[in-house]
Amino acid sequence: MWRPWGNKKMPLRIHDTSPPFSCSSFKDIQHLFTQDSSASSKRNANVFHRVRIVNSLLRSWGPARTGKITDSVSDPSISIPGAEKRVVVYFTSLQVVRSTFEDCKTVRSILHGFRVSIDERDLSMDSRFLNELRGILGQSNLTLPRVFIGGRYMGGAEEIKQLHEIGELKKIVERLPAAEPGTCVVCGGYRFLLCSECNGSRKLYTQKSGFKTCTACNENGLIRCPSCSCAHL
């Protein structure tokens with residue numbers, strides 16, 4: 001006779017879904033630890049690199065902590081005369097190069113959070129700003145943004161973001177006078193006005209010479225707001 005089905009004990013097989021691990025020797029284990037430690041060392045190297053950059057910036061500004069901004073990031077001789085009481089930012093509002101546009105947007109957002117006087121010079125609105133910046137830095141190939149605080153050159157987006165992360169940017173900007181509330185009643189804060197000579201057409205007509213290019217405005221048919229320009233002198 002057959003045994004009852006209920007009393008029969010069937011072996012239970014457990015399927016292991018984990019991948020098989022094979023290690024032929026202790027050298028394989030040492031190799032695994034070596035790979036893990038090399039990846040960790042790369043991460044630490046990136047952190048130490050950022051720390052070295054920030055420390056070099058702080059050492060260059062060491063004497064400035066007594067109350068006056070002195071040394072700059074790259075060259076102490078780079079400065080903007082007459083800009084000792086405000087922040088000057090050279091940037092672009094065009095989105096042609098996304099990374100440049102995002103850097104300019106981020107830096108402007110950081111600086112606007114301190115509520116100090118900011119002179120924003122948009123190179124896409126007036127090409128003369130580009131020639132002006134080239135003359136100040138002595139370079140032809142430039143990346144944006146470029147920031148000057150208290151008349152001294154501070155650097156680009158990377159330097160400003162690093163200083164902001166460690167809290168040193170606030171200490172530097174706080175030495176500047178606070179900005180007056182409100183926007184310009186002349187241009188509404190746009191810093192440019194339509195040229196009154198050509199009405200933005202860039203063309204003038206005279207009976208003697210016919211049409212000619214207007215020299216009173218820039219390539220966009222705009223002029224800088226006289227009220228904002230006087231306020232930043």
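Predicted model: local features only at pLDDT ≥ 70, side-chain atom pairs only at ≥ 80, totals over all residues.
Residues are numbered from 1 along each chain as its sequence is written, and side-chain values use heavy atoms, with hydrogens and water left out.

The secondary structure comprises six helices and eight strands, where helices (H or I, at least four residues) and strands (E, at least two) are DSSP runs numbered from the N terminus. Along the sequence, these elements follow the order α-β-α-β-α-β-β-α-α-β-β-β-β-α. Of the 233 residues in the protein, 30% are buried; buried denotes under 20% relative accessible area, exposed over 50%, and partly exposed the range in between (1.4 Å probe, protein chains only). The accessible surface amounts to about 16,300 Å², with 55% of this area belonging to carbon and sulfur atoms. Among contacts (heavy atoms within 4.5 Å) with a separation of 6 or more, 67% join residues 24 or more positions apart.

The largest nonpolar core contains 33 residues. Such a core is a set of buried Ala, Val, Leu, Ile, Met, Phe, Trp, Tyr and Cys residues joined through side-chain atoms within 4.5 Å. The residues with the most contacts inside this core are Val87, Tyr90, Leu111, Val147, Phe148, Ile149 and Leu169. Two or more core residues are supplied by each of strand 1 (87–91), helix 2 (98–112), helix 3 (128–137), strand 3 (146–149), strand 4 (152–155), helix 4 and helix 5 (168–173). Strand 1 provides the largest share, namely five residues.

Helix 2 packs against helix 4 at an angle of about 40°, with the axes 10 Å apart. Here, axes are lines fitted to C-alpha atoms, for helices over the stretch in contact, and angles run from 0 to 180 degrees between N-to-C directions. The crossing of these two helices is left-handed, a term applied if the near helix is turned anticlockwise from the far one by less than a right angle, the clockwise case being right-handed. At this packing site, Asp103, Thr106, Val107 and Ile110 of helix 2 meet Ala157, Ile160, Lys161 and His164 of helix 4. An α-helix has 3.6 residues a turn, so residues three or four places apart point the same way. Helix 4 spans residues 157–165, and its buried residues are Ala157, Ile160, Gln162 and Leu163. Glycine 167, which follows helix 4, has a positive phi near 85°. Threonine 106 of helix 2 is partly exposed, at 32% relative accessibility. The C-alpha atom of threonine 106 is separated by 9.7 Å from that of proline 145, at 39 residues along the chain.

The structure holds zero disulfides, a disulfide being a pair of cysteine sulfur atoms within 2.5 Å. For cysteine 195, the nearest cysteine sulfur is that of cysteine 198, at 3.8 Å. Cysteine 195 is buried, at 2% relative accessibility. For cysteine 225, the nearest cysteine sulfur belongs to cysteine 187, at 3.6 Å. Cysteine 225 is likewise buried, with a relative accessible area of 0%.

Several backbone features were identified in loops. Most residues other than glycine have a negative phi, and most peptide bonds are trans. The peptide bond from leucine 144 to proline 145 is cis, with omega near 0°, and proline 145 is located in the loop between helix 3 and strand 3.

Serine 79 occupies the loop between helix 1 (26–60) and strand 1 and is partly exposed, at 29% relative accessibility. Not counting residues up to four places away in sequence, serine 79 touches Ile136, Gly151 and Arg152. Serine 79 and isoleucine 136 are 57 residues apart in sequence, with a C-alpha to C-alpha distance of 7.2 Å.

Notes. Areas by Shrake-Rupley, 256 points an atom, 1.4 Å probe, with all protein chains shown as cover.
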